[in-house]
Amino acid sequence: MLLSGGLGTLTYCLNIHATETWEECREALTGPLLKVREQVCPDRRFAVGLRLSSNALDQLDQGDQRAWLKAFLREQDLAPATMNGFPYGPFHGVRVKEQVYQPDWRDPERLHYTNRLANLMAELSEPGDWVSLSTVPGTFRTLAAGTEGEMTERYLQAAAHCVAIKARTGVTVALAIEPEPFCFLENISGTVDFFKDWLYSPGAVTRFREVTGLNGEAAEEALRCHLGLCYDVCHAAVEYEDPEASIAALKSVGIPIHKLQLSSALRAQIRPEVRAMLKAFAEPTYLHQVLARRGDGPITAYSDLPEALARGAEADGEEWRIHFHVPVFLASLGLFDSTQEFLKEILDLHRAAPISPHLEVETYTWDVLPPELRTSSVDAAIARELRWVLERLGQ
C-alpha cells in the first residue's frame with residue numbers, strides 16, 4: 001500500500017508461501033494475499049511483493065497464464081511493486097540451505113533468470129512505473145575468490161537490460177543486490193567497497209557505456225538508477241551493523257537503497273538452557289548463519305546454527321546473532337530476544353528521512369518456526385506484521 005508522507009510503498013513478500021510452481025503462485029495470489037489485503041487495507045490499492053521460481057516462470061508462459069496474471073492484478077487493484085529474484089529454485093519443503101544462492105552471479109543462468117523477471121515486471125507495470133528486483137549478493141562466501149570481474153560483468157549486463165526495458169516500455173526496473181551473512185557481500189563496509197571498486201568504478205562506467213550506448217553522465221546516472229541495494233534489516237542486524245551509520249555509509253558513496261526488507265533475527269546470550277532452546281531453530285530447510293561475539297571482542301561467523309551449537313559449553317557467555325527471520329512484532333522469544341530494536345531504529349530513520357521507495361516484510365520462515373510461535377493463521381500473522389510496521393511509521 002502507498003504510505004503517506006512520502007514514505008514509499010509497503011508490502012510483504014510472497015516467498016512466505018510455497019511459490020515453486022505457477023499453480024502455487026496463483027493459489028498464493030488468490031488466497032492468502034487477498035485475505036491479508038482484506039485485513040489491512042480493504043479499500044485501497046495494495047502492493048504485491050512477487051516471487052516466481054525459474055520453474056514457475058516457464059509454466060507462466062504456457063497457455064494464457066500471463067494474460068490471466070495481468071488481468072487479475074488489474075481487476076483486484078494490485079500493484080506489482082517488487083520482485084524477489086533471490087531464490088531461483090524450490091524454497092519450501094526441501095533442503096534449501098546454501099543452494100539458495102545457485103545459480104549465482106558466476107553463472108550465466110543467473111543473468112538469464114534475472115532478465116526474465118525484469119521482463120515480466122515491465123510487462124505487468126504501466127509506463128512511468130518504478131519497480132524493484134532483489135537478487136543474490138554475488139555468491140556464497142567460499143565460492144567467491146577471484147570471480148569479482150566475472151560477477152561485475154553480469155551485474156552490468158543485467159542493468160543494461162533494464163536500461164533497454166525502460167527505453168522500450170517506460171518502466172524503470174531497479175536491480176537491488178541483497179547482502180547476506182556468509183556471502184560474497186555480507187556487510188555494509190564490504191558492499192560499499194565492492195560498489196566503489198567494481199560496480200561503480202570508472203572501468204565499470206566505461207563498460208556500461210559500451211553495452212548501453214549511453215554517453216557521459218547519462219551512463220553513470222543510469223547505472224546507479226538500475227543497480228543498487230536491497231537493505232535486509234535482519235541480515236544487517238546479524239552483522240552487528242549500526243543502523244544509522246550503515247545507512248549513512250551507503251548514502252555517502254551514492255548507493256541507492258532500492259528496497260528495504262523488514263524482519264528481525266534472533267539475538268541470544270548463550271548459556272546451557274539457551275543452547276537447549278535454540279535446538280528447536282536448527283531446522284533442516286534454511287541456512288541460519290550465526291555471528292558470535294564475546295563482549296566487545298572480534299566477531300566469529302558460523303555458516304549454520306548446528307555448527308555453532310556443536311561448540312557446546314565453549315560458546316557460553318557469547319552473544320549470538322542468528323539469521324532466522326522471525327515476525328516483526330516479536331520482541332522476546334522466552335529465553336532470548338529478537339533484533340526488533342534494530343528494526344525499530346531503521347523504521348524511525350525511514351520515518352524521519354525516507355531510506356527506500358519500497359518496504360517489504362519478509363518472514364519466509366513461518367513454516368519452520370517452532371509450533372508454539374505459530375499461534376495464528378499465516379495471513380493473520382502477516383496482517384499483524386504489516387499493522388505493526390504501519391503503527392511504527394505513524395500511518
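Let me start at Pro103, which sits in the loop between β3 (78–84) and α4 (108–124). Helices here are DSSP runs of H or I with at least four residues, strands are runs of E with at least two, and both are numbered from the N terminus.

Before going on, the conventions. This is a predicted model, where local features need pLDDT of at least 70 and side-chain atom pairs count only at pLDDT 80 or more, while totals for chains, interfaces and linings use all residues. Residues are numbered from 1 along each chain as its sequence is written, and side-chain values use heavy atoms, without hydrogens and water.

Pro103 is joined to Gln102 by a cis peptide bond, with omega about -10 degrees. Most peptide bonds are trans, and most residues other than glycine have a negative phi. Two residues have a positive phi without being glycine: Asp77, at about 55 degrees, and Phe182, at about 65 degrees. Asp77 lies in the loop between α3 (65–75) and β3; Phe182 is in the loop between β5 (172–177) and α6 (188–199).

Are these two buried or exposed? Asp77 counts as partly exposed because its relative accessibility is 34%. Phe182 has a relative accessible area of 11%, so Phe182 counts as buried. The cut-offs are under 20% relative accessible area for buried, over 50% for exposed, and partly exposed in between, with a 1.4 Å probe and protein chains only.

Now the chain as a whole. There are 14 helices and 13 strands. Of the 395 residues, 59% count as buried. A compact globule of 395 residues would have a radius of gyration near 21 Å, and the chain has 20 Å, which agrees. That radius is taken over C-alpha atoms, and the globule rule is 2.2 Å times the number of residues to the power 0.38. The C-alpha trace spans about 60 × 50 × 40 Å along its principal axes.

Next, the core. In soluble globular proteins, nonpolar side chains tend to be buried together. A nonpolar core here is a set of buried Ala, Val, Leu, Ile, Met, Phe, Trp, Tyr and Cys residues joined through side-chain atoms within 4.5 Å. The largest has 131 residues, and Leu52, Tyr231, Leu278 and Trp320 have the most contacts inside it. Helix α5 (residues 148–169) gives the largest share of this core, nine residues. Apart from it lies another core, of five residues, among them Val238, Tyr240, Ala265 and Leu291.

What does Leu278 touch? Not counting residues up to four places away in sequence, the list includes Leu266, Leu305, Trp320, Ile322 and Phe336. Contact means heavy atoms within 4.5 Å.

Ile322 belongs to strand β11 (residues 319–326). Ile322 counts as buried because its relative accessibility is 0%. Beyond neighbours within four places in sequence, its contacts include Val238, Ala265, Leu278 and His288.

Leaving out neighbours within four places in sequence, Gln261 contacts residues including Asn84, Ser134, Glu178, Tyr231, Asp232, Glu360 and Glu362. From Gln261 to Ser134 is 127 residues in sequence, and 9.7 Å in space, C-alpha to C-alpha. Across the chain, of the contacts between residues at least 6 apart in sequence, 81% join residues at least 24 apart.
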